[in-house]
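Let's take a friendly tour of a protein model. Have a look at the sequence and the 3D view first, then read on.

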Amino acid sequence: MKFKFLIILVFIFTTNGFSQNKGETITGVEKKPEIQVIARVQKDKILLRWAVTNPLAWKKLNKYGYSVERYTVTRDNKTLTNPEKVVLSKVLKPEPLETWEKLIETNDNAAIVAQGIYGEEFTVTGKDNLESIVNLSEEMEQRFTFALYSADKDFEIAKKAGLGFEDTTAKINEKYAYRISSNVPETELSIDYGGIFVGLKEYEPLPKPMDFTAHFTDNSTMLSWNFKILAHAYGSYYIERSTDKVKFERITDKPYTSLNQKNANNNRIFYVDSIANNTSYSYRIQGISPFGELSPYSDIVTGKSKALLKYVPHLTVKEFKDDTTVNLIWEFPEEGNNEISGFELKRSEQDDDKYSTVIKNIPAKSRNVVFDKLLPTNYFTITAIGKNGNSRTSFPMLVQPVDSIQPAKPIGLKGVIDSLGVVKLTWTHNKEKDLLGYRIYRGNVAEEEFSQVTISPSEPNTFEDKVLIKNLNPKVYYKIIAVDYRYNMSEFSETLVLKKPDVIPPASPVFMNYEIKEGAIFLEWANSQSEDVAVHQLYRKEDDQKEWKLVLETKDKEEKFQDKTALEGHTYTYAIFAKDESKLVSNPSPEIHLFVPKYSVMPSVKGFFAQANKITNTIDLSWEYSNNTVDSFEIYKASDKDPLQLIQVVVGKTKRLSDPTIAINTTYKYGIRAVFKDGRTSQMEFYTVKF
């Protein structure tokens, strides 16, 4: 049977269901197709929806079908030792073509899915820039994409297409792992199964759409809502409108998605509706889930659109009468006088949206107004008030009276710092009538650029600050300037220097070098860099003892010490401290641990003898040594041609060794010395033999 028709669509793909997973790739390598599963828990059943990630896999699964398995994992909040398996459907695939024929006459979604599965040809045309967005180049991809999109909107169609299942046997006290597997033979195509873990207790009613707003303008309304918040629940929406807040009608034939607009916002969907001016309209939206469920309605938004004034006033001239008075002049077409009831003058101290009306009921024929309460900085706008209640406002004009006289330099700056780092500053108040306040500046070093610590000018002649006591800067510096209403600034006051309470120990000294020579330990270090250091103290402890002993205290800048009291074979730990004039002691320097090796040389090995063995063609060595602390013996060898070199190391219990690496008519010189467990060595003993 030839099954062909033309699909004309005005919608675009949903972003929530499965319709966009057509065959993803990673760094140019196509991923293995897999089945992806989602679930919707209802009060008495669990709905499953799935799709495969690639068109070829979808086509083969339509032929071979899916298997649906359920594993009971928990019962009565207890995990089962062996999950109980139930096969819900052994082979689930699209229903035969003849079951679709009557349905496609009344259901567009059924027609699209049936065409995608069974149609001999699949031709897609579109509008609203659909082709530029979809850009599908192959028929199989078109079938796959449109079939999945249509299944997202109608769960009954999804089930009919082998992409959905209802589990009506689920129990409230159990939780299940569902597994959807491919029946396609592995030799044809390997497809990963998909799964989901869910139970009836997870039922939640669908949330209503959020953050729905409407902006009414001339003959139109712009609706918008944040679809990202509920993107997991809804992929498309119906939009409804009413003129009485009772009877609502859908104004979109097809579900509306974020991609219906050319320039999609990252978070919001926008829809523009054409309406009549001066009539109240109400709007609401309803989400559509991938299971075809309709959400509760959003909150209703209501408003009216009004015709805009044709003309906008423009402030053009400002004429100062004195420091507090200005004459403002604007332009507005004479033909617009009949459309307005008059003008209003608005003012703000900053160029923001916080303008307040300062003069009302300015006649429609007026083109100037005088304002006599100027502040140092003024932003003015002129608003034309329409007779039908709308208005148009000019761009702001900045008005600043001229004042270039700076305040006097502040004097009498004083301050104290308590033990918690709280700084209290006072100074003599300036006498200028237009004084706005003072700005406070602080520095941690006298030579650095000071930073401002006040956000805006402070009116009183006192200031409280907080500084860190425990840092490396012993002093803090302050200076202030005076500011008037025109933001003219005075010269800086004299710098106030405050000394912080001394609660910071000096910086630690650091060991720089050490040397162990002839049983003595030579130490070098860098003294503390703190300015108020009084003495440095060097401490030592021996081996694993806990008690530290003071071995040196110096008030000089000395940075070297020779410890001649150290004994061979012992380990010593050293640390240096710095103490300041306030008796505060620094943290210790990083400790150094030094072992003084034993330097005395042990007696040579006695009875060392070498004999040529003509039978074995070796030179046999033997020796005796009664000291039981020997760790090993080092055997050395020299010949007429080769210098003396180490040929072997043997353990301390060994007393004999044969050397097979010899040549005829050659004289060999052998040497031996003992190596002890404490690192010392004996004197070298030699023996010469000719082979």
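What follows is a short briefing, grouped by topic.

This is a predicted model, where local features need pLDDT of at least 70, side-chain atom pairs count only at pLDDT 80 or more, and totals for chains, interfaces and linings use all residues. Residues are numbered from 1 along each chain as its sequence is written, and side-chain values use heavy atoms, with hydrogens and water left out.

**Rings and charges**

- A pair of aromatic rings is described by the distance of the centres and the angle of the planes.
- Rings of Phe, Tyr and Trp (its six-membered ring) pair if their centres lie within 6.5 Å; planes under 30 degrees apart count as stacked, over 60 as edge-to-face and the rest as tilted.
- Go by that rule and you get 21 aromatic pairs.
- One aromatic cluster is made up of Phe 212, Trp 225, Tyr 234 and Tyr 237.
- A charge sits over a ring if NZ of Lys or CZ of Arg is within 6 Å of the ring centre and within 35 degrees of the ring normal.
- Arg 250 does this over the face of Tyr 238, at 3.6 Å from the ring centre.
- Arg 284 has its charged end over the ring of Phe 248, 4.1 Å from the centre of that ring.

**Two helices that pack**

- Helices (H or I, at least four residues) and strands (E, at least two) are DSSP runs, numbered from the N terminus.
- Helix H1 (residues 55-64) packs with helix H4 (residues 139-153) at an angle of about 75°, and their axes are 9 Å apart.
- Here, axes are lines fitted to C-alpha atoms, for helices over the stretch in contact, and angles run from 0 to 180 degrees between N-to-C directions.
- H1 and H4 are therefore roughly perpendicular to each other (under 35 degrees counts as roughly parallel, over 145 as roughly antiparallel, 65 to 115 as roughly perpendicular and the rest as oblique).
- On the H1 side, the contact (heavy atoms within 4.5 Å) is made by Pro 55, Leu 56, Trp 58 and Lys 59, while H4 brings Met 140, Glu 141, Arg 143, Phe 144 and Ala 147.
- Sort the residues of this H1 and H4 contact and you find six nonpolar, no polar and three charged (Ala, Val, Leu, Ile, Met, Phe, Trp, Tyr, Cys and Pro count as nonpolar, Asp, Glu, Lys and Arg as charged, and the others, Gly among them, as polar).

- Most residues other than glycine have a negative phi, and most peptide bonds are trans.
- Lys 245 is not a glycine, yet has a positive phi of about 65°; look for Lys 245 in the loop between strand E14 (236-242) and strand E15 (249-250).
- Asn 665 isn't a glycine either, and its positive phi is about 60°.
- Asn 665 belongs to the loop between strand E45 (656-659) and strand E46 (667-676), and counts as exposed at 61% relative accessibility (buried means under 20% relative accessible area, exposed over 50%, partly exposed in between, with a 1.4 Å probe and protein chains only).
- Ile 664 is also in the loop between E45 and E46, and is exposed at 64% relative accessibility.

**Buried spots**

- Arg 49, in strand E5 (residues 46-52), is buried with a relative accessible area of 0%.
- Arg 49 and Ala 158 are 109 residues apart in sequence, with 7.6 Å from C-alpha to C-alpha.
- Gln 115, in helix H2 (residues 108-118), is buried with a relative accessible area of 0%.
- Asn 527 lies in the loop between strand E35 (520-526) and strand E36 (533-542), and counts as buried at 8% relative accessibility.
- Leaving out residues up to four places away in sequence, Asn 527 touches Pro 509, His 536, Asp 556, Lys 557, Glu 558 and Glu 559.
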